[in-house]
Each structure stands twice: as C-alpha cells, then as structure tokens.
Amino acid sequence: MAGQGSNGGPQARIASGLLGGFGAAVPIAVGYLSAGVAFGVAARQAGLVPAEALLMSLVVYSGASQFALLGLLAAGASWIAMLIVSLTLSLRHLLYGPSLAPRLGDTGTLRTAGVAFGLNDEVFAVSSVKLPREGGLGWLLGLELGAYVSWALGTIVGAVAGTALIEELPSLAPALSFALPALFVALLVPLVSSGGETAGRGATRSTSLGAAAVAAGVVAAVCGLIGLGSWGVIAAGVAGSVCGLLLERFRGCGDASEG
Amino acid sequence: MPVRADLSALFLLAGAGVYLTRFLPLLVALRRQAKEPAAKSDGLLGSALRFVGPSVIAALLVASVLPQPGQAELPGLLRTAIAFVPTVLVAVRFGNLGLTVLAGVLAYWFASLLV
C-alpha cells in the first residue's frame with residue numbers, strides 16, 4: 001500500500017475516504033433511485049418477481065444491460081443473444097479503468113477487483129472529476145457503495161410499489177429522471193470552463209477540453225440518432241480524446257513558435 | 001415467490017461479462033503503470049487519456065437526453081430544453097453537484113407543469 005498519510009495509516013485514510021465518497025454519491029443516488037424504480041416497474045411487467053429484479057440489480061448492476069435483458073427476456077431471446085447484447089452494451093466500460101488508473105496509484109489486485117465492480121457510467125463521470133489524489137481508493141469505494149445501495153433500493157421500491165407510486169405522483173418519475181442529465185451538466189461545465197484539474201494548463205487546455213467535449217457530444221448524438229447505442233459512447237470517447245489531443249498539440253506548437 | 005434458478009444463472013453470466021469489461025482494463029492499466037511509472041501522464045496514450053473523462057461525460061449527457069430513434073415527442077424535448085437552462089446556469093454560477101442536480105430536477109418538474 002502506498003504511502004502513509006499525515007492523519008493516520010492506510011486503513012484510516014481508506015475509512016475517511018469511504019465516508020467522503022459515500023457523501024459524494026448523493027447526486028448519483030437521486031438519479032439512481034428514480035431509474036431504479038423505473039427498472040423495478042419494468043422488471044415486474046416483464047414477469048420477474050421482486051426478488052429476481054433485486055438479484056438482477058445486485059449481480060448485473062448495469063442499467064443499460066438490465067433494461068436490454070428485460071426486453072430480450074420478454075421477447076423470448078436465446079441466452080447467447082442476451083449475453084452478447086449485454087456484453088456489447090458494456091464495452092464502453094473499457095475506457096474507464098485506463099482513464100482513472102493514473103489517479104488510483106498502487107492498488108493491489110484484490111482491491112482493484114473490488115473497486116472495478118462499481119465502475120459504471122455515473123461513478124466514472126463523478127470520479128473523473130472529483131477523485132482525490134490522496135485516499136482515492138477509499139473515496140471511490142464509498143462513491144460506488146452509495147450508488148450501488150441507491151440502485152438496489154430504487155429497484156426494490158419499483159418492483160414492490162412502483163406502479164402505485166407512479167400513479168400517485170405521475171410527474172415525479174420523469175422529473176427525477178432528469179437528475180442524471182443534470183449530474184452530467186454539473187460535472188462537465190466546471191471541467192470545461194476551468195480547464196480541468198486533470199488536463200492542466202489554462203486557456204489552451206480549457207479550449208482543448210471544450211473541443212473534446214463538443215466533438216464527443218456530436219459523435220454521440222449522431223450515433224444515438226442512427227441507433228448505435230452503447231457504441232456511441234466508445235466512439236465519442238475516442239473521437240473527443242483525439243480531437244482534444246490534436247488541438248492541444250496544434251495550439252502548443254503555435255504557442256511555442258510565438259514564444 | 002422463489003427466485004428461478006435459470007434466471008439466476010443468466011444474471012450471473014451477464015454480470016460476469018459486465019464485470020470483466022470493468023475489471024480487466026483497470027487491472028491492465030494499473031499493472032502497466034506499476035511497470036512503467038512514466039506512462040502515468042507522459043506519452044501519447046497518457047495525454048489522450050486525460051481527454052477521455054470530459055469526452056465520455058459529454059457523450060453520456062447527450063445519450064441521456066436524446067430520445068430513442070422513433071420515440072421522440074415534442075413535449076418531452078421541450079421539457080428537457082426548458083430544464084436545461086436553469087441547470088446550466090446553476091452549474092456555471094455555483095459549480096456544485098448536489099445543487100445543480102436539485103435545480104435540474106425542480107426545473108424539469110416545473111417544466112412538466114407548463115408543457
């Protein structure tokens with residue numbers, strides 16, 4: 001385990017980070033509770049009992065894959081087809097680990113195995129902006145725990161009482177579902193406007209980050225409109241990174257030649 | 001009612017697939033980093049990885065508001081557009097995650113009363 005903190009040993013730092021990360025999961029939890037309720041309702045409509053809906057959320061723990069599996073189950077698809085679709089929808093996760101690794105430091109295989117379980121879209125989005133350099137592992141585990149608990153809680157509420165809840169408060173579910181887009185806005189705006197802690201130096205980096213985000217957004221929109229789904233996030237991640245990198249290098253050359 | 005065994009097996013297999021897409025790239029990146037510490041931030045790959053976060057967040061934002069092909073409906077798009085304005089303003093002004101999410105949810109709820 002790397003380094004001793006000034007306020008205690010590694011275990012104390014992990015425990016402290018865990019609490020911080022759990023608190024940072026509140027914005028995710030708002031969105032996950034509503035999305036979990038929606039999933040629970042859909043699972044009941046697809047013929048699953050509440051325990052099965054909960055098991056699926058606890059074991060698969062991927063909204064996109066879970067909704068797709070429900071649709072395929074209802075359609076009577078083969079297991080092979082369901083597993084391929086689920087795996088395909090998860091390919092976007094391939095980008096997340098390598099992007100976060102530089103800030104996780106020296107992490108053992110067992111801890112890596114533990115922290116990887118909860119590394120989904122929203123956890124990645126929040127941690128790519130907020131993950132502290134000190135005590136990052138505990139913080140990430142806390143963030144993941146908060147997200148996981150809220151997803152499971154939303155699922156069970158949706159499976160047991162979701163239909164009645166939505167009938168009682170029809171405008172609540174769509175309003176809560178806007179929590180995730182709002183979360184992404186909250187993460188993106190400061191990151192792009194400040195140049196981002198992770199991407200460094202002032203206006204050049206800020207412009208490069210902005211260009212990367214715009215390029216990624218355009219690619220994701222085009223992919224979404226033609227129905228490419230999860231592939232769009234991968235394509236957008238690659239396109240945005242290439243665009244940002246090229247612009248940064250180009251502007252860096254310009255700055256150097258001017259200087 | 002008990003959980004059906006065949007469904008449990010399906011969930012376990014699907015969950016294993018999802019998990020491996022999260023675990024293996026992280027493990028490989030951490031191992032590579034441990035062998036070559038300079039790879040953390042230097043080099044083409046290290047530089048490109050710094051842009052992955054903002055790019056993926058932008059992509060997830062677009063994907064979360066974009067209607068599914070053939071399922072676009074004007075009121076939903078209008079509500080989203082209306083809710084976006086205060087959400088972005090709060091994000092710019094305060095830069096606080098919780099406050100921005102709260103503003104977004106309230107704005108969408110308010111928009112759903114109007115449209």
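## Close-up views of a two-chain predicted model

**Figure 1. In this predicted model, helices α4(A) and α5(A) are roughly antiparallel to each other.** The axes of α4(A) and of helix α5 (residues 79-89) of chain A cross at roughly 155 degrees and come within 9 Å. Because angles over 145 degrees count as roughly antiparallel, the pair receives that description. The crossing in which α4(A) passes α5(A) is right-handed. On the side of α4(A), the residues that meet the partner helix are A:Ala64, A:Ser65, A:Ala68, A:Leu69 and A:Leu72. On the side of α5(A), they are A:Ala81, A:Met82, A:Val85, A:Ser86 and A:Leu89. Sorted by class, this contact holds 8 nonpolar residues, 2 polar residues and no charged residues.

**Figure 2. Helices α2(A) and α4(A) are roughly parallel to each other.** Two packed helices are described by the angle between their axes and the distance between the axes. Helix α2 (residues 26-45) of chain A packs against helix α4 (residues 63-74) of chain A at an angle of about 15 degrees, and their axes are 10 Å apart. Angles under 35 degrees count as roughly parallel, and the two helices are therefore described in that way. Here α2(A) passes α4(A) in a left-handed crossing. From α2(A), the contact is made by A:Ala35, A:Phe39, A:Ala42 and A:Ala43. From α4(A), it is made by A:Gly63, A:Gln66, A:Phe67 and A:Leu70. By class, 6 nonpolar and 2 polar residues take part, with no charged residues.

**Figure 3. A:Tyr61 lies in the loop between α3 and α4 of chain A.** Is this residue buried or exposed? A:Tyr61 has 21 other C-beta atoms within 10 Å and is therefore buried, since the cut-off is 20 or more. The backbone of A:Tyr61 has a phi near 50 degrees, a positive value in a residue other than glycine. As a rule, most residues other than glycine have a negative phi.

**Figure 4. A:Leu58 belongs to helix α3 (residues 50-59) of chain A.** With 15 other C-beta atoms within 10 Å, A:Leu58 is partly exposed, because this count falls between the limit of 12 or fewer for exposed residues and that of 20 or more for buried ones.

**Figure 5. Helix α8 (residues 121-130) of chain A is largely enclosed by the rest of the structure.** How many of its residues are buried? Of the 10 residues of this helix, 8 are buried, so α8(A) is largely enclosed. The buried residues are A:Asp121, A:Glu122, A:Val123, A:Phe124, A:Ala125, A:Val126, A:Ser127 and A:Ser128. Among the contacts in chain A with a separation of 6 or more, 76% come from residues 24 or more positions apart.

**Figure 6. Helix α7 of chain A crosses helix α1 of chain B.** The axes of helix α7 (residues 109-116) of chain A and helix α1 (residues 5-35) of chain B come within 9 Å and cross at roughly 140 degrees. The two helices are therefore oblique to each other, and α7(A) passes α1(B) in a right-handed crossing. In α7(A), the residues A:Thr109, A:Thr112, A:Ala113 and A:Ala116 take part. They meet B:Tyr19, B:Arg22, B:Phe23, B:Leu26, B:Leu27 and B:Leu30 in α1(B). The classes represented in this contact are 7 nonpolar, 2 polar and 1 charged.

**Figure 7. Chain A contributes 84 residues and chain B contributes 62 residues to the contact between the chains.** Helix α11 (residues 179-194) of chain A gives the most to the side of chain A that touches chain B, with 14 residues. This side of chain A divides into 59 nonpolar, 22 polar and 3 charged residues.

**Figure 8. Chain B comprises 5 helices and 0 strands.** The radius of gyration of chain B is 21 Å, well over the 13 Å that the globule rule gives for 115 residues, so chain B is more spread out than a compact globule. The C-alpha trace spans about 55 × 50 × 30 Å along its principal axes. Of the 115 residues of chain B, 43% count as buried.

Notes: Residues numbered from 1 in each chain as written. Chains lettered and ligands numbered in written order. Predicted model: local features only at pLDDT ≥ 70, side-chain atom pairs only at ≥ 80, totals over all residues. Helix = DSSP H or I, 4+ residues; strand = E, 2+ residues; numbered from the N terminus. Contact = placed C-beta atoms within 7 Å. Nonpolar A, V, L, I, M, F, W, Y, C, P; charged D, E, K, R; others polar. Rg over C-alpha atoms; globule rule 2.2 N^0.38 Å. Axes fitted to C-alpha atoms, helices over the stretch in contact; angles between N-to-C directions. Parallel < 35°, antiparallel > 145°, perpendicular 65-115°, else oblique. Left-handed = near helix turned anticlockwise from the far one by under 90°.
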